[in-house]
Amino acid sequence: MSLVTTQSAAEIRARNKELIEETLKVYPEKTAKRRAKHLNVHESGKSDCGVKSNLKSIPGVMTIRGCAYAGSKGVVWGPIKDMVHISHGPVGCGQYSWGSRRNYYVGTTGIDTFVTLQLTSDFQEKDIVFGGDKKLIKLIDEIQELFPLNNGITIQSECPIGLIGDDIEAVSRAKSNEYDGKTIVPVRCEGFRGVSQSLGHHIANDAVRDWIFDKNGPDSKPEFESTPYDVAIIGDYNIGGDAWSSRILLEEMGLRVIAQWSGDGSLAELEATPKAKLNILHCYRSMNYISRHMEEKFGIPWCEYNFFGPSKIAESLRKIASFFDDKIKEGAERVIEKYQPLVNAVIAKYRPRLQGKTVMLFVGGLRPRHVIGAYEDLGMEVIGTGYEFGHNDDYQRTAQHYVKDSTLIYDDLNGYEFERFVEKLQPDLVGSGIKEKYVFQKMGVPFRQMHSWDYSGPYHGYDGFAIFARDMDMAVNSPIWKKVKAPWKDVPKPKLLAAE
Amino acid sequence: MAQSAEHVLDHFELFRGPEYQQMLAKKKAFENPRDPAEVERVKEWTKTLEYREKNFAREALTINPAKACQPLGAVFASVGFEGTLPFVHGSQGCVAYYRSHLSRHFKEPSSCVSSSMTEDAAVFGGLNNMVDGLANSYNMYKPKMIAVSTTCMAEVIGDDLNAFIKTSKEKGAVPADFDVPFAHTPAFVGSHITGYDNALKGILEHFWDGKAGTAPKLERKPNDKVNFIGGFDGYTVGNLREIKRILELMGVEYTILADNSEVFDTPTDGEFRMYDGGTTLDEAANAVHAKGTISMQQWSTEKTLPFIADHGQDVLAFNYPMGVSATDDFLMALSLLSGKGIPEELARERGRLVDAMTDSSAHIHGKKFAIYGDPDLCYGLAAFLLELGAEPIHVLSTNGNKAWEEKTKALLAGSTFGQDCNVYPGRDLWHMRSLLFTEPVDYLIGNTYGKYLERDTGTPLIRIGFPVFDRHHHHRSPVWGYQGGMNVLVKILDKIFDEIDKKTSLLGKTDYSFDIIR
């Protein structure tokens, strides 16, 4: 049981401030100054969390962040299933990101869908010396020959591309002309660009704008009858099937989903999105750019939503419905009512086991705030949270809608800080990534991976909430945590000795 | 609605229900899907010889390679030294990838730092990143040594590690006498096994050859010890422990170089050990005096072994020795080098492995296998299969070179069971897909990614290799030594028996052959 629950907000604030000060002592002076700006304690009523964000990571500290390539290939583009995504450069980037993100999709892999293939130009020294454009030209021909049913190609740049002066845009245009206007998208997501995955998301969004929307224009294909209820799901990567357990709710309330960005998505869906009446945006961080663009260019409104946990789901369904007529508003109420017995049963079963348990989170995208409501639905309390690659607008949303007073806030957390914080605050559960998982489990702290759902999921929607609750329960209440200490090492000193 | 609190449906059940299936069928209309007949036609076409020819004619495109890049191997080798923090100079995303990759295989923490170079460093060079990075790592993580390697970004812009580390020390980032060995590990040369080799050589060079000009070179005073190098190995935990047991049984005085068997297998007891075990820095330095060095993987130590030989030691390279004869050769060579006899206990272990092979050989004899993986692993597996009377048909190594091809061909040519086998250096798993369709085999041996081949071609996969992400704990058991051979044998047999059961379990159709005794 955590230490915090018995303390007042003021005590917690003082303790957290002290913890930050204590932790900063390890750093050389310059580093301590820089890191101090990223750590704080939330004060309720403030418009943001009082931390700097989206700044360069400090060398040598063991940042948890990734790179722009990870943001583009790994997050935004990789899940588009009917396009072939080339990891352009040396072999490693594509290899380490091969199939690891669990963007589920339906298709005949290797024939009409390609998400779990690792296609790379596998750069050798001569490609660095002489440039890789010729190899890229040949490689596109080979894709066309071996994967004739692909609906498009993207070129995901790895670090060397931008350093050796390759012109992948020229190659893309030339090959597109050669193949009757085929969609070929060059993406300048070299890993050294920006400070994290985040710029990769932005670059990938811009590539959709420049190489898909601008190419097609708003009135082009596909040909389907529009309805007043057409919406697009934006920023759901279908991890463990998240987009599916979301889509089913939207359709049950009477909406028609015409596109998924980008989990289980297709080129046709990207192209059709300018016909949507509303873009509904789950991961604001990675896809707000294209949502804003569609608003400006095509006049499509967008609204953020949160499908983690029944409180936020109901709130979101009503919010989405508010953009439509009574039919949809009634539909939202019908859906909420339909799932209420499931929600009641899940809460009745799991809340008593999880009530009062504390959680520390460190994740990317939307999760450091979005999942808080789901934990609260189960009676759990989030006592620390932070973003791997958030910006100030993420921290604003967090402060204004999610975190409680005195919550510990940490931006671009590193291994050292995370260990110290967990050691001191002793949460009942930590939610973070694969690199953190085993560190905390060794310490005897229950852990769930909150990027990959620890190979579980979906966690979105009502169906997902049941799985979420079950997973948190089995992490926190696993009997194994009682076995961490060897019994002969756990014994208090015999009293006899003390008496001597 | 199928979901319930009483019986929570997971993703593999939930989406099979009619509501989701109908939803997904409706979604199709928005996907501009290909004509199903056309999909079927192309699917069948990819199984043909014609497709195989086009596939093998590829010159630019690599599809599903069985190799990773150099720095992964450098990190793997570096953590095999006591208190050592791997420091990769270049873009930070790479380090996130290596750590994730190693953690997914070993189910263990993997600690490593990056110098977090960004666009300005691409223009001006990464010196400041190195200086600040070393100072931060040194203060935060209190390592005994920081082993530096590079990502391709730092290599493309030509950062000079030797000069950078020197400057960092001058600027006080770390004490002047603090050990910072380094290796250039460009991702566009070789693979993870090359990176292992470069990093290990870099560390030995540092200790033996005067710490980058800051100390006198060590003078070799030969002793009776034997150095042992495992190479890049997904089974490092089980294998190195087994090797230590064997060395101790024989009474050989030894030093394991890059002993990462502890750091990738720390206990859960309330404490996170960022560093654990490993070759001590003294041992690393004193390894120069050893009588000789044995490498279990020739192609993981192509530069390290000649470097050691140049210092006057006898060196010996094996190719991932697996099974009876390869283990015999290893033990006899070890005996010869160390002057220690092979104890009776090992002879008994040998006898047990031979016993097990005689008991089971009828089920393996004549079965056809395809193998892929790192070059030494492929060689070792092929040799063991030949001993079992199995027939390797395709042996493929994406990071295998011409010399590997020739050596492996010679091995196969020397056995009646290797006559129908072809060797494929530099090829990938999409090539393997064509091979399995056009020249089918009974079983496939490889890493986790082989499951895509198993799904496409129906060839049952036996998971031996790196990485294995989707099965747990196999890295804890050895595959070297006679006992390791036993583990491999059991793994192969289990799959064979499971497959027979699977094929004979249709009630009312194949009630025969569903045997209780085999």
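User: Why is R245(B) called partly exposed?

Analyst: Its relative accessible area is 25%. Buried means under 20% and exposed over 50%, with partly exposed in between (1.4 Å probe, protein chains only), so R245(B) counts as partly exposed. Do keep in mind that this is a predicted model, where local features need pLDDT of at least 70, side-chain atom pairs count only at pLDDT 80 or more, totals for chains, interfaces and linings use all residues, and side-chain values use heavy atoms, without hydrogens and water. Residues are numbered from 1 along each chain as its sequence is written, while chains are lettered from A and ligands numbered from 1 in the order in which they are written.

User: What makes E349(B) and R245(B) a salt bridge?

Analyst: Their closest N and O atoms are 2.8 Å apart. A salt bridge needs a side-chain nitrogen of Lys or Arg within 4 Å of a carboxyl oxygen of Asp or Glu, so the pair qualifies. E349(B) sits in helix 16 (residues 344–364) of chain B and R245(B) in helix 12 (residues 236–250) of chain B, so the bridge ties together parts 104 residues apart in sequence. Helices here are DSSP runs (H or I, at least four residues), as are strands (E, at least two), numbered from the N terminus. E349(B), with a relative accessible area of 4%, is buried.

User: How do you know that R448(A) and D471(A) are both buried?

Analyst: R448(A) has a relative accessible area of 8% and D471(A) has 0%, so each meets the cut-off for buried. These two also form a salt bridge, with the closest N and O atoms 3.0 Å apart.

User: Why are helix 13 and helix 14 of chain A called roughly antiparallel?

Analyst: Their axes cross at roughly 175° and come within 9 Å. Angles under 35 degrees count as roughly parallel, over 145 as roughly antiparallel, 65 to 115 as roughly perpendicular and the rest as oblique, so this pair is roughly antiparallel. The contact residues (contact means heavy atoms within 4.5 Å) include P310(A), A314(A) and L317(A) of helix 13 and V335(A), I336(A) and V343(A) of helix 14.

Technical notes: Axes fitted to C-alpha atoms, helices over the stretch in contact; angles between N-to-C directions.
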